[in-house]
Amino acid sequence: MPERILMSPEDMQRALVRVAHEILERNKGAQDIVLVGMQTRGVPLAERLATTIQGLEGFAVPVGSLDISLYRDDISSLALKPIIHRTDVPVDVTNKQVVLVDDVFYTGRSIRAAMDALIDLGRPQSIQLAVLVDRGHRELPIRADYVGKNIPTSRNEEIKVYVKEVDSEDKVTLLSSDKEND
Amino acid sequence: MAHNLLISGGRILDPSQRLDKVADLLITDSKITWIGDKGTAPHKPDLTTIDATGLIVCPGFIDLHCHLREPGFEDKETIATGTKAAAKGGFTTVCCMPNTNPPLDNQASVDYVKKTAETEGVVRVLPIGCITKARQGKELTEMSELANLGVIGFSDDGEPVTSSRIMSLAMDYSRALGLPIIDHCEDKELSDGGFMNDGWVSARLGLKGIPKAAEEIMVARDIALAQLTGARLHITHVSTEGSVELVRHAKERGIAVTAEVTPHHLTLTEERIMDSQPKKHNQLAYDTNAKVNPPLRTKEDIAALIKGLKDGTIDAIATDHAPHTSVDKMCEFGLAAFGISGLETAFACLMTLVHCGELDLMTLISKLTCEPAKIIGTKYGGLGTLKPGCCADITIFDPSKEWVVDSHDFASKGKNTPFDGYQFTGKVMATIVAGEIVYRDNSK
Amino acid sequence: MKTTEPSSSVTTPEAFPPPSIGAWQHRHILDLDDFTREEIELVFEIADAMAEILTREVKKVPTLRGKTVVTLFYEPSTRTRASFELAAKNLSADTVSLDASKSSIAKGESLVDSLRTIQALGADVIVMRHLQSGAPYVATQYIDCSMINAGDGWHAHPSQALLDLYTIRRHLGKLGGLKAAIIGDIMHSRVARSNVWGMTIMGVKVVLCAPPTLLPRGLNSFITNCKLPNVSIETSVESALEKADVVMPLRLQIERQQSGLLPTLREYVQLYQLTEERLSLAKPHALVLHPGPMNEGIEISPEVAHGAQSVIEEQVTNGVAIRMALLYLIAGGKNK
């Protein structure tokens with residue numbers, strides 16, 4: 001089943017630049033913002049947003065990484081992949097506007113776990129959510145504040161995000177895992 | 001009950017007569033009366049025929065060493081269940097050890113065993129009396145009285161006789177009776193609470209080991225005392241290369257020592273404790289079914305034991321059948337009881353040595369029949385032989401029958417076997433005691 | 001491979017290749033003899049993440065919420081038991097601690113019955129320490145939940161060996177090629193045995209050093225039969241210490257002298273105590289570890305115990321992180 005490319009590298013870049021602008025607009029500047037990328041691919045996306053904001057405002061927004069393995073609501077799933085990545089948030093999040101950054105927004109469970117993790121780290125003044133792709137099918141009442149691209153999908157489809165820093169290329173693809181087809 | 005039995009077409013194998021031929025065998029009134037060519041038996045009324053085509057017919061096996069546990073430990077075994085197990089294993093005579101409760105150190109206890117064996121026993125049961133009162137190692141039993149009751153020898157088995165002084169007195173005393181002192185050779189200070197052979201496996205498993213020297217020291221001591229006193233000495237369950245050497249040397253010097261070895265010591269090493277067989281889990285087993293005293297040893301010891309069997313250093317094979325309840329075995333290795341319930345697997349286990357060419361069949365059968373009979377003597381008539389005129393104790397087996405051991409099928413109450421799940425080739429098909437069929441294999 | 005300057009401060013561990021494991025294979029953690037190198041490295045990775053949690057003000061994550069961890073100790077222990085209980089609590093598990101000397105077990109209940117009762121109470125993980133070698137291997141045949149061996153007799157103590165290796169790696173940056181001297185009552189030491197397995201897997205050369213009466217007679221053939229070419233035996237402590245990167249004296253129990261294995265404690269101290277002078281035979285950066293509790297003045301001098309090369313207290317901290325990692329891996333794999 002061939003992967004269909006939905007976003008090219010340029011599409012991704014433009015979306016991220018727009019999201020960076022929206023973050024600055026909503027928060028009235030870069031002060032007090034902390035970008036926290038969700039492991040794994042949310043982290044380089046957060047770093048790219050920080051770079052863009054630096055270019056726009058001349059201000060270095062701190063970037064952290066968050067691993068939610070320890071906050072999942074279903075520990076038995078870790079049997080398949082028990083690896084934990086780094087949680088490293090270099091500043092105190094208390095009283096800050098934390099912008100969580102993730103590649104794909106789907107059921108919302110990862111974000112719920114991320115919010116629990118953030119609140120264990122401190123008391124942010126607000127938690128906002130920036131995602132590159134929103135594919136729908138929310139199972140929890142959570143919404144994204146900033147969306148790179150809305151891509152409605154069906155449940156047997158899969159969105160794959162490739163980021164250069166991890167996968168050596170930038171693209172977003174759609175994969176159908178429909179077993180009736182070849 | 002007059003009863004005539006014809007065993008037809010089997011391969012008659014009798015080491016006592018050096019007989020090995022296909023023939024018919026006739027039993028009349030509990031005795032073997034005739035062996036001859038097929039179809040030529042003298043006609044007898046009321047005749048039952050057993051078709052033994054393709055099977056081997058030999059004298060009934062004699063076990064010099066087993067624990068029937070009654071009186072006192074009936075949850076582990078009774079004379080009834082133990083003798084049923086013996087019959088299944090092809091044993092027509094078993095010699096029961098006196099570490100019962102009360103022990104067989106007095107007339108009443110020995111009488112009890114004899115009477116119970118007569119009414120409930122399925123095979124011949126010959127008692128062994130204690131060497132010392134209550135097996136405490138301090139005072140000799142009334143050996144002469146016990147001899148008159150029919151004990152075939154004296155043993156404190158389970159325990160050694162630690163005091164050399166007492167042992168030499170026991171040997172002196174027994175010499176007049178012509179009965180052997182049967183010793184469990186273990187220097188208890190050296191074995192000192194160990195659980196298995198002291199070697200690399202015990203180092204790996206973190207278990208206290210019993211050094212081979214603990215057995216060899218007592219074997220050497222007993223041999224020296226046998227030489228000193230001129231008594232008959234029989235050494236139980238020899239397990240080490242060193243012990244075999246000592247016995248060989250003693251025999252060369254003309255000392256009246258005999259020795260026995262168990263089927264498990266001939267076929268299993270200490271490594272069996274580490275692995276459950278067939279391998280159930282991908283982890284260590286600490287299998288208490290392989291916990292036995294003396295402990296399972298090494299490949300080198302097995303080689304020496306087999307050599308000892310072949311050159312006559314070791315006279316007999318005896319099971320040391322030691323049944324235990326599951327409570328006694330289903331626990332931490334250090335806390336588990338020592339012992340293997342061996343009557344029902346002995347023969348098949350020994351056949352593995354025949355099938356892989358280590359031991360020939362005639363020698364094996366002799367170690368189970370005429371050789372133990374020599375040690376028992378003629379007090380009970382001609383045992384371990386198919387000579388016409390002798391008692392019809394006969395074992396019929398199929399040397400090629402394949403079967404899988406399932407302890408749930410044991411007649412013995414003791415299911416503690418390290419051979420559970422093993423596939424063996426060779427099975428007892430029928431056991432006859434004094435002309436009565438006491439066991440028949442009905443499986444197909 | 002990045003090498004680091006000798007120093008006794010914590011250094012960044014060299015970048016191991018990321019563990020290439022799929023699912024966690026061990027339902028129980030009884031010893032390190034069946035671990036692969038990748039599995040040990042995975043435990044370290046997860047322990048790193050757990051160590052980060054231990055630096056927070058709120059040292060808790062909800063990972064094992066709703067799971068019950070029962071500690072069942074047949075042998076007294078302060079640090080190991082507390083370490084496991086804290087590890088479980090940090091992961092938000094419910095903990096129950098059973099002191100076998102005070103419970104129905106003392107009344108003669110069998111091990112199997114005790115475990116079945118505990119399982120029926122709803123334990124997801126049982127952490128057991130037992131006097132008898134092999135007890136966990138019997139136990140796991142009769143339970144469905146998972147078990148972590150907190151020490152069985154003389155046989156194994158896997159979490160201790162893992163935290164020892166982890167501590168060494170955090171300081172020296174690597175494990176392969178190091179020389180470790182384990183000195184003391186090897187015969188009765190589950191710490192020595194598990195470290196033999198763990199260190200061998202990670203490429204550490206191990207020297208086991210003890211007076212002859214405290215070495216198992218079968219040790220040499222154990223090394224041969226289990227194919228452990230990097231493990232050797234010494235009776236001279238000076239030879240064992242020479243150029244060692246890691247020195248681990250073992251606790252000598254007073255009972256050993258009482259049961260006749262040593263003529264006097266004094267002679268043991270004279271021949272085997274880890275003093276500053278003896279320690280100087282090892283490499284300058286050598287670490288001093290001890291499984292605890294220490295008998296200061298017996299196997300280790302107070303100066304060395306509290307000296308600059310001692311990482312003994314850090315072992316305790318790392319122990320919590322390692323045990324959190326083990327509980328995480330075990331409890332997560334439960335529903336397979």
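Which side chains meet in a salt bridge at 2.5 Å, N to O? They belong to R204(B) and D33(C), a salt bridge being a side-chain nitrogen of Lys or Arg within 4 Å of a carboxyl oxygen of Asp or Glu. This is a predicted model, where local features need pLDDT of at least 70, side-chain atom pairs count only at pLDDT 80 or more, and totals for chains, interfaces and linings use all residues. Residues are numbered from 1 along each chain as its sequence is written, chains are lettered from A and ligands numbered from 1 in the order in which they are written, and side-chain values use heavy atoms, with hydrogens and water left out.

**Where chains C and B meet**
- Chain C brings 29 residues to the contact and chain B brings 23 (contact means heavy atoms within 4.5 Å).
- About 2000 Å² is buried between the two chains, with 59% of that from carbon and sulfur atoms (buried area is the accessible area, 1.4 Å probe, that two parts lose on being put together, summed over both).
- On chain C's side, Q132(C), Y137(C) and W154(C) supply 22% of the area chain C buries against chain B, more than any other three residues.
- The count of salt bridges between these chains is two.

- A cis peptide bond links E70(B) to P71(B), with omega about 5°.
- Another cis bond runs from Q39(A) to T40(A), with omega near 10°.
- R135(B) isn't a glycine, yet its phi is positive, about 55°.
- D192(B) isn't a glycine either, and has a positive phi of about 35°.
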